Amino acid sequence: MTTTVRRLEGKVALVTGSARGIGRATAVRLAREGASVVVNYKGNEAAAKEAARLVGESGAKATTVQADVSIPEDADRLVKQALEFGGGRLDILVNNAGITRDNLLIRMSLEEWDAVLNLNLRGAFLVTKAAMRPMMKQRGGRVVNIASIAGVMGNAGQANYAAAKAGLIAFTKTVAREMASRNITANAVAPGLIPTELTAPLPQAVKDAMLAQTPLGRFGTVEDVANVVAFLASDDAAYVTGQVIVVDGGMVTA
Ligand SMILES: NC(=O)c1ccc[n+]([C@@H]2O[C@H](COP(=O)([O-])OP(=O)(O)OC[C@H]3O[C@@H](n4cnc5c(N)ncnc54)[C@H](OP(=O)(O)O)[C@@H]3O)[C@@H](O)[C@H]2O)c1
């Protein structure tokens, strides 16, 4: 376990899709640094409750909110409930909720394309838009978007996912430019392959090939990603905005 400093004392964080995987690890990490955390989930209430329990173990306040962030009314309600939970504050937004619907381009259906774009890109737009007014009013905030190396380099079988993540990166850079004068920063984290329920169905041959291209010689962990999110959410990253931090063991640059 890495040493945790408490850089987020008194902050209120909303992490979308934080019942499981990278989102859960991020929620726990932000809490260990002192933040109160809103755990958002789509359908897995039991996992969300467990995530909130883990957040609570660090002494932080936690709540769970069911919301499908690709639906405008849900995204608005989620931010509203986060503000209620935070006593009117929302300091940190992590747009983490994401899915894959992999297929080769010639076989990819419109449904597969739309499902991924609707959550991974439109969902982040909806929640970020709803969070901007309160962050502008409090003259400060942090937006961290979970992209992917697929959005940096493309990936066979993931035309929908890569396009959504590349869009999310461009969206991040634009939020950074529009919101800088209000002291709101926006950055993206682009993980490589991180074992979670999302990546579990990938064929072993694909995983082996990715590992062979990873200079650090191992897959990343959900904590490897959460560590970087916590940095970007903290005052240590006050002068960092519009950036993409790749967390992939060196694969993209290899
Ligand atoms: N794992 C990797 O290798 C990897 C690499 C690069 C980038 N990423 C990105 O990292 C993020 C998290 O991935 P993960 O691997 O941790 O995924 P995961 O284990 O599948 O967890 C996904 C989370 O998102 C939630 N979610 C799904 N649809 C949602 C919706 N419509 N509205 C709100 N929440 C929703 C799920 O809620 P329920 O539990 O209720 O279903 C769950 O908590 C994604 O954006 C993914 O693209 C992952």
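User: Is R139 buried or exposed?
Analyst: A residue is buried if 20 or more other C-beta atoms, placed from the backbone, lie within 10 Å of its own, exposed if 12 or fewer, and partly exposed in between. R139 has 10 other C-beta atoms within 10 Å, so R139 is exposed. This is a predicted model, in which local features need pLDDT of at least 70 and side-chain atom pairs count only at pLDDT 80 or more, while totals for chains, interfaces and linings use all residues. Residues are numbered from 1 along each chain as its sequence is written.

User: Where is R139 found, and what is its phi near?
Analyst: Most residues other than glycine have a negative phi. R139 is not a glycine, yet its phi is positive, near 55°. R139 sits in the loop between α4 and β5; helices (H or I, at least four residues) and strands (E, at least two) are DSSP runs, numbered from the N terminus.

User: Which loop holds N183, and what is its phi?
Analyst: N183 lies in the loop between α6 and β6. Its phi is about 65°, again positive in a residue that is not a glycine. N183 has 15 C-beta neighbours inside 10 Å and therefore counts as partly exposed.

User: How do I check the length of a helix, with α1 as the case?
Analyst: Compare the reach with the expected span, which is 1.5 Å times one less than the number of residues. Helix α1, residues 21–32, has twelve residues and reaches 17 Å from its first C-alpha to its last, close to the 16 Å expected.

User: How many residues of α1 are buried?
Analyst: Twelve of the twelve are buried, so α1 is largely enclosed by the rest of the structure. Among them are I22, V28 and L30, but also R24, R29 and R32. Just after α1, G34 takes a positive phi of about 115°.

User: How do I read the packing of α1 and α8?
Analyst: Two packed helices are described by the angle between their axes and the distance between the axes. Axes are lines fitted to C-alpha atoms, for helices over the stretch in contact, and angles run from 0 to 180 degrees between N-to-C directions. α1 and α8 (residues 222–233) pack at about 50°, with axes 8 Å apart. Angles under 35 degrees count as roughly parallel, over 145 as roughly antiparallel, 65 to 115 as roughly perpendicular and the rest as oblique; α1 and α8 are therefore oblique to each other. Their crossing is right-handed, a term for a near helix turned clockwise from the far one by less than a right angle, with anticlockwise giving left-handed.

User: Which residues of α1 and α8 make the contact?
Analyst: Two residues are in contact if their C-beta atoms, placed from the backbone, lie within 7 Å. From α1 the contact includes G21, I22, A25, T26, R29 and L30, and from α8 it includes V222, V225, A226 and V229. By class it has nine nonpolar, three polar and two charged residues. Here Ala, Val, Leu, Ile, Met, Phe, Trp, Tyr, Cys and Pro are nonpolar, Asp, Glu, Lys and Arg charged, and the others, Gly among them, polar.

User: What is the angle between α4 and α6?
Analyst: Helix α4 (residues 110–137) and helix α6 (residues 159–179) pack at about 15°, with axes 8 Å apart. That makes α4 roughly parallel to α6. The crossing is right-handed. In α4 the contact residues include W113, L117, L121 and F125, and in α6 they include Y161, L168, F171 and V175. The contact has 13 nonpolar, four polar and two charged residues.

User: What covers the buried residues of α6?
Analyst: The cover includes α4, β5 (141–146), α5 (150–153), β6 (184–191) and β7 (244–247). Among the buried residues of α6 are A159, N160, K165, I169 and M179.

User: What is the angle between α3 and α4?
Analyst: Helix α3 (residues 72–85) and α4 pack at about 40°, with axes 9 Å apart. That makes α3 oblique to α4. α3 passes α4 in a right-handed crossing. P72, A75, D76, L78, V79 and L83 of α3 meet G123, L126, V127, A130, A131 and P134 of α4. These residues divide into ten nonpolar, one polar and one charged.

User: Which strand holds Y41, and which residues is Y41 in contact with?
Analyst: Y41 is in strand β2, residues 36–41. Y41 has 25 C-beta neighbours inside 10 Å and so counts as buried. Leaving aside neighbours within four places in sequence, Y41 is in contact with G17, A19, A47, A48, T64 and Q66.
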